[in-house]
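Please follow the chain through a few of its helices and loops, with the sequence and the coordinates side by side.

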Amino acid sequence: MSNANADSLVASHDPNHPANLICELCRLFYNNGWVTGTGGGISIRKGDHIFIAPSGVQKERMLPDNMFVMDLETKEYLRVPKSLKPSACTPLFLAAYTNRNAGACIHTHSQNAVLISLLYDKVFTIANIEQIKALPKLTEPGYLGFFDTLTIPIIENTAHEEDLKDSLEQAINDYPATTAVLVRRHGIYVWGETVWKAKVYNEAIDYLLELAVKMRQLGVPPDGAIGSERNTRVV
């Protein structure tokens, strides 16, 4: 593909074009405090094309011209921006696309995700909270209900992000109902059928993670039965 044709993949006045959306969402996540410096990442799928934010670019300054574009079937880059490196998250994004047929995958370094990973062992669970209803069941149609328990697996971090691929894929296989995987002392990966659903799932999960941290501080078990908080002694 010529340089001109490759550049046309990311040039669009449509605000919903993946290259433009990635920039918009990176700024949003930066403002939310979920990505700082050049950490974190996002990828959006459009047909067989995968749009990926690069490594080493500050999220609030991301531009469409910075985007990598990959062919999902061949795993070959159709566009490589000059002087930029592919995101180390790329193998993890591909795992969500190939194992879950995702439409987008978000990776943040949210402090809520990091803190939760320090408080739980293999899985994080929370139940009987209204915001759970924003998450899909996945193994059957519909969304989780108020009385359901949300379960998110936790995997161990590695020195190099790309080395997380095998353990993330294992977690995806072991927990077919999950739409996210926590990485201990690192952050979280969240995916969805579309970029907008991935955004909603990420927002809902981060809310629940923050709530769970605060509940633990008060001695209230996040996955406890309704009424269990009445046994909590507030000092």
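In this predicted model, helix H2, residues 18-31, packs against H6 at an angle of about 10 degrees, with the two axes 12 Å apart. Because angles under 35 degrees count as roughly parallel, H2 is described as roughly parallel to H6. From H2 the contact draws on Leu21, Leu25 and Leu28, while H6 contributes Val195, Trp196, Lys199 and Glu203. An α-helix has 3.6 residues a turn, so residues three or four places apart point the same way.

H6 itself has 23 residues, and the distance from its first C-alpha to its last is 33 Å, close to the 33 Å expected at 1.5 Å a residue. After H6 comes Gly219, whose phi is positive, near 80 degrees.

H6 also has a part in covering another helix, H4, whose buried residues are covered by elements that include strands E6 (123-127), E7 (149-155), E8 (180-183) and E9 (187-192) as well as H6 (195-217). The buried residues in question include Asn112, Ala113, Ile116 and Ser117. Viewed down the axis of H4, its buried residues fall within an arc of 135 degrees, so they line one face of the helix. At the start of H4, a side-chain oxygen of Ser110 comes to within 3.1 Å of the backbone nitrogen of Asn112.

The loop that leads from strand E5 (104-108) to helix H4 (111-119) holds His109, a residue that is partly exposed, with a relative accessible area of 29%. Neighbours within four places in sequence aside, His109 is in contact with Trp34, Gly39, Gly40, Val114, His186 and Gly187. The C-alpha atom of His109 is also separated by 8.5 Å from that of Gly33, although the two residues are 76 residues apart along the chain.

Apart from neighbours within four places in sequence, the residues in contact with Arg184 are Ser117, Tyr120, Asp121, Ile154, Ile155, Glu156 and Asn157.

Note on methods: Residues numbered from 1 in each chain as written. Predicted model: local features only at pLDDT ≥ 70, side-chain atom pairs only at ≥ 80, totals over all residues. Heavy atoms only, no water. Helix = DSSP H or I, 4+ residues; strand = E, 2+ residues; numbered from the N terminus. Buried < 20%, exposed > 50% of the residue type's maximum accessible area, 1.4 Å probe, protein only. Contact = heavy atoms within 4.5 Å. Arc of directions from axis to C-beta. Polar contact = N/O pair within 3.5 Å; in protein donor to acceptor, adjacent residues only side chain to side chain. Expected span 1.5 Å × (residues − 1). Axes fitted to C-alpha atoms, helices over the stretch in contact; angles between N-to-C directions. Parallel < 35°, antiparallel > 145°, perpendicular 65-115°, else oblique.
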